[in-house]
Amino acid sequence: MFRWKATAAVAVIAALALTGCAGGGETDNTGDDGGRADRLTLISIAAPTSYDIGQGAEWGNRSEFFQAVFDTLLSKDASGEIQPWLATEWSYNEDNTVLTLTLRDDVTFTDGEALDADAVVGSLERFRDGTSPQAATMAGKEFAAVDATTVTITQTAPDPSLVNLLSIAPGLVQAPSSFDDADSATTPVGSGPYILDSASSVTGTTYNYTANPDYWNPDVVKYDNLTINVMEDTTAIVNAIKAGEANGAKIADNNTISEVEGAGWTIESNELDFQGLLLLDRAGTMAPELADVKVRQAINMAFDREALLQSLQSGYGTVTEQVFPETSVAYDAALDSTYAYDPDAAKALLADAGYPDGFTLSMMSTPAFQTTFDLVAQQLADIGITVKYTDPGTGNFITDMLAPKYPATWMALEQNPDWQLINFMVGPAATFNPFKYQDDTVDGYIETVQFGTEEEAATALKELNKYLVDQAWFAPFFRVQGSFAVDANTELAFWPTNAYPSIFDFSPKN
Amino acid sequence: MLSFILRRLLSGVVLVAVISFLAFVLLYMGGGDIARRILGENATAETVAKKTEELGLNRPLLAQYGDWVTSAFTGDLGRSWFTGELVSVSVTNRLAVTLSLVIGATLISAILSVILGVLAARRGGAVDGTVQFLSLIGFAIPGFLIALFLVLVFAINLGWFKATGYVPIATSVGGWLSSVTLPIIALSIGAIATVAAQVRGSVIDATSRDYVRTLRSRGLGDGSVIYKHVLRNAGGPALAVLAVQFVGLLGGAVVVEQIFAIPGMGQLSVRSTTLGDIPVVMGLVIAFAVIVVIVNLLIDLAQAALNPKVRLS
């Protein structure tokens with residue numbers, strides 16, 4: 001006879017036992033202890049690829065994971081200004097090729113070892129020689145421990161972005177004892193304000209941290225526990241917000257902001273990325289039409305930027321025609337009205353350039369941004385340019401762009417600090433200058449930025465920005481609003497320089 | 001029976017080997033530039049090339065597959081390219097979460113399906129009509145819509161359950177129930193609809209057989225006839241459908257885990273497939289294939305236990 005009751009009981013017990021094997025965390029936003037709140041629960045949209053700084057150190061939308069367990073040599077405050085952190089002082093030599101850092105002498109890693117100059121040099125070398133996304137920013141630099149609290153960074157030529165880099169991923173310091181441990185990818189050892197509780201965390205999904213009891217700077221730690229839940233699904237993020245299951249959440253889709261605000265949450269924002277066209281083939285090797293500045297200018301005049309911002313971001317952002325951000329010394333608000341939306345004038349300019357009947361432009365499309373591609377094609381068609389789209393297939397969009405296989409492309413790009421931005425999308429060796437287009441005027445400005453005085457560099461940056469807009473190297477549409485939501489119990493000062501807030505800028509309201 | 005089990009296990013091993021090779025080839029064919037995807041737009045071409053070499057992606061496909069098979073045989077499925085976690089740990093942790101949902105949904109759908117199916121078959125008339133109508137509705141409404149409705153009503157508006165996340169039972173029984181109840185209901189409804197209809201049909205078919213008339217003529221009560229004899233005969237087809245449902249629920253968990261942000265195999269499948277995290281996808285493929293082989297074997301054994309006429313050969 002089949003024993004239904006016994007079988008059912010066994011099955012239930014088996015199911016219960018199986019669930020006991022899983023990790024995970026439960027959020028609890030209440031409680032106070034010694035001036036600190038009990039727990040801060042955040043929602044992120046991307047998990048770290050590896051905690052090993054030689055493999056996965058990143059800032060941007062992953063900064064919170066690294067800030068929690070590691071310290072950086074320098075830091076940025078809520079307004080984005082560089083401040084001392086592990087390094088209390090820093091100074092350049094006369095020709096800006098040697099940076100000397102003075103370290104604190106009271107910091108220990110969570111494995112009990114002292115954080116000294118040797119450890120810092122080890123981390124800097126590990127980052128430089130590894131495969132983290134920004135590893136190339138440290139290429140060619142040499143590091144030396146002068147004494148226990150002094151480190152020098154020597155470079156062949158001045159790098160105006162170095163100090164900034166030391167406040168983000170390249171400046172992270174990992175305990176040398178974990179360098180040879182393969183598990184350091186998921187079990188970090190640093191000197192940071194929190195310690196990862198690996199047992200209750202689920203890698204890729206839920207990260208639970210407890211405050212580091214021996215942290216050298218306890219005043220900045222405002223919560224005893226930190227939980228970061230990774231959610232890639234927009235619906236899940238909004239549901240968690242509505243159900244009050246977090247204190248802060250990155251808003252991946254600005255179209256959900258009204259729903260989030262409706263749940264009583266506050267939106268803090270900054271602007272870090274621009275969306276628009278990269279007119280890459282400025283020498284016309286693939287699309288001869290783009291070699292003519294009039295054609296590039298006509299393309300800039302084809303776009304109704306306000307309408308695009310409204311359609312694609314529900315109006316959350318600011319229209320722009322320049323690639324330098326508002327925080328840059330190069331920024332000039334007047335440049336944002338260089339190319340008014342005027343299809344007729346654009347058509348006249350194309351005719352003047354010798355293309356009265358327009359031409360066909362090859363670009364890539366990808367299903368995730370189909371609306372954008374449709375609108376771009378429609379606006380370009382209005383001035384006589386026929387866009388021929390090709391879907392490069394999953395995961396090939398950036399690869400094909402940088403190959404380069406297309407003369408122009410739509411893209412969303414970070415607006416980094418000036419020198420990083422130049423090396424990212426302007427300079428002859430920049431990642432997003434795949435045709436290696438070179439212009440003597442641009443090269444001159446770049447040289448002044450690198451080797452000139454602070455004042456000379458500032459002037460050169462302004463002139464460079466104006467030149468890029470006039471020469472229509474790009475056709476930016478708008479800067480996208482980066483949005484972060486916090487609940488009624490949490491205060492946040494959202495720094496203007498990163499996609500995810502600093503974990504030190506959250507504080508309990510009561 | 002032992003030789004039957006051994007033969008089935010052997011064929012299962014062959015099946016897993018074939019599936020692993022096909023999955024490997026398909027993943028690499030559609031993988032795109034994985035190193036660029038790991039590193040993002042900030043990385044230079046040199047760093048991307050270095051990462052490609054580090055992962056061994058510049059080597060011939062067969063050499064990469066050979067290495068994977070060799071490592072897999074020693075129990076080393078590698079590490080995730082996107083989180084650095086051991087694949088065996090990733091899959092094991094999430095397997096427990098997903099199985100708790102799928103086993104829960106299977107148990108609930110099995111119990112309710114039998115009750116509803118027998119009720120519909122025995123009572124007929126309005127009860128039958130109602131059960132059939134509800135089955136149709138349950139079958140027709142997609143699981144993700146049911147999940148969204150449940151979250152909106154019972155988690156967000158009423159606050160009875162968690163809207164997102166998973167609490168291990170070892171941490172809190174109440175928290176666990178709060179986190180799995182809605183996903184299990186969302187998963188169960190479609191399965192109940194399908195299996196209840198199957199049970200109903202099988203019971204009606206079995207009750208019209210001669211042996212049932214004979215049993216009744218010997219004075220056996222209706223309950224005894226149904227539960228001791230009819231269900232044994234009707235159980236075979238229903239079990240087969242339940243097995244298919246179990247496997248289907250693993251697929252259903254993909255959507256439900258995304259909506260409830262539950263760290264299970266479904267969510268891991270979506271993420272690793274989208275990203276191109278080949279070591280993790282391969283680990284998941286093996287895990288899913290093994291589960292399907294084992295479930296089918298168990299169902300065959302259960303069929304034999306239920307019905308002595310079934311021979312394991």
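Two strands pair if DSSP finds at least two bridges between them. By that rule, four strands of chain A form an open antiparallel sheet in the order β6-β7-β9-β8. The model is predicted. Chain A touches chain B through 51 of its residues, which meet 59 residues of chain B. Chain B has twelve helices and zero strands.

- The edge strands are β6(A), residues 87–92, and β8(A), residues 142–147. Each of these edge strands pairs on one side only.
- Neighbouring strands of this sheet are turned by 20° against each other on average, with direction ignored.
- β6(A) and β7(A), residues 98–103, run antiparallel and are joined by five bridges.
- Within that pair, A:Ser91 stands opposite A:Thr100 of β7(A).
- Helix α3(A), residues 117–129, lies across β7, β8 and β9 of chain A. Its direction makes an angle of about 175° with β8(A).
- In a regular strand, side chains alternate between the two faces of the sheet.

**Further strand pairs in chain A**

- Strand β11(A) covers residues 194–196, and strand β12(A) covers residues 206–211. Three bridges join them, and they run antiparallel.
- Here A:Tyr194 stands opposite A:Ala211 in β12(A).
- β12(A) also pairs with β13(A), residues 223–230. This pairing is antiparallel too, with five bridges.

**Where the chains meet**

- By class, the chain A side divides into 21 nonpolar, 24 polar and six charged residues.

**Chain B as a whole**

- Its elements, read from the N terminus, run α-α-α-α-α-α-α-α-α-α-α-α.
- The C-alpha atoms of chain B fill a box of roughly 85 × 55 × 35 Å along the principal axes.
- Chain B has 313 residues, and 42% of them count as buried.
- Take the contacts in chain B with a separation of 6 or more: residues 24 or more positions apart account for 72% of them.
- The domain assignment of chain B gives domain 1 (34–76) and domain 2 (89–306).
- The C-alpha centres of these two domains of chain B lie 39 Å apart.

**A helix pair in chain B**

- Helix α9(B) spans residues 210–217, and helix α10(B) spans residues 222–259. Their axes come within 11 Å and cross at roughly 145°.
- The crossing of α9(B) past α10(B) is right-handed.
- From α9(B), the residues B:Val212, B:Leu215 and B:Arg216 take part in the contact. They meet B:Val225, B:His229 and B:Val230 of α10(B).
- This contact has four nonpolar residues, one polar and one charged.

**A glycine in chain B**

- B:Gly66 belongs to helix α4(B), which spans residues 61–73.
- B:Gly66 counts as exposed because it has 12 other C-beta atoms within 10 Å, and the cut-off for exposed is 12 or fewer.
- B:Phe21 is 45 residues from B:Gly66 along the chain. Their C-alpha atoms are separated by 9.9 Å.

Definitions and conventions:
Residues are numbered from 1 along each chain as its sequence is written. Chains are lettered from A and ligands numbered from 1 in the order in which they are written. This is a predicted model: local features need pLDDT of at least 70, side-chain atom pairs count only at pLDDT 80 or more; totals for chains, interfaces and linings use all residues. Helices (H or I, at least four residues) and strands (E, at least two) are DSSP runs, numbered from the N terminus. Axes are lines fitted to C-alpha atoms, for helices over the stretch in contact, and angles run from 0 to 180 degrees between N-to-C directions. Two residues are in contact if their C-beta atoms, placed from the backbone, lie within 7 Å. A crossing is left-handed if the near helix is turned anticlockwise from the far one by less than a right angle, and right-handed if clockwise. Ala, Val, Leu, Ile, Met, Phe, Trp, Tyr, Cys and Pro count as nonpolar, Asp, Glu, Lys and Arg as charged, and the others, Gly among them, as polar. Domain bounds come from an automatic or database domain assignment. A residue is buried if 20 or more other C-beta atoms lie within 10 Å of its own, exposed if 12 or fewer, and partly exposed in between; C-beta atoms are placed from the backbone.
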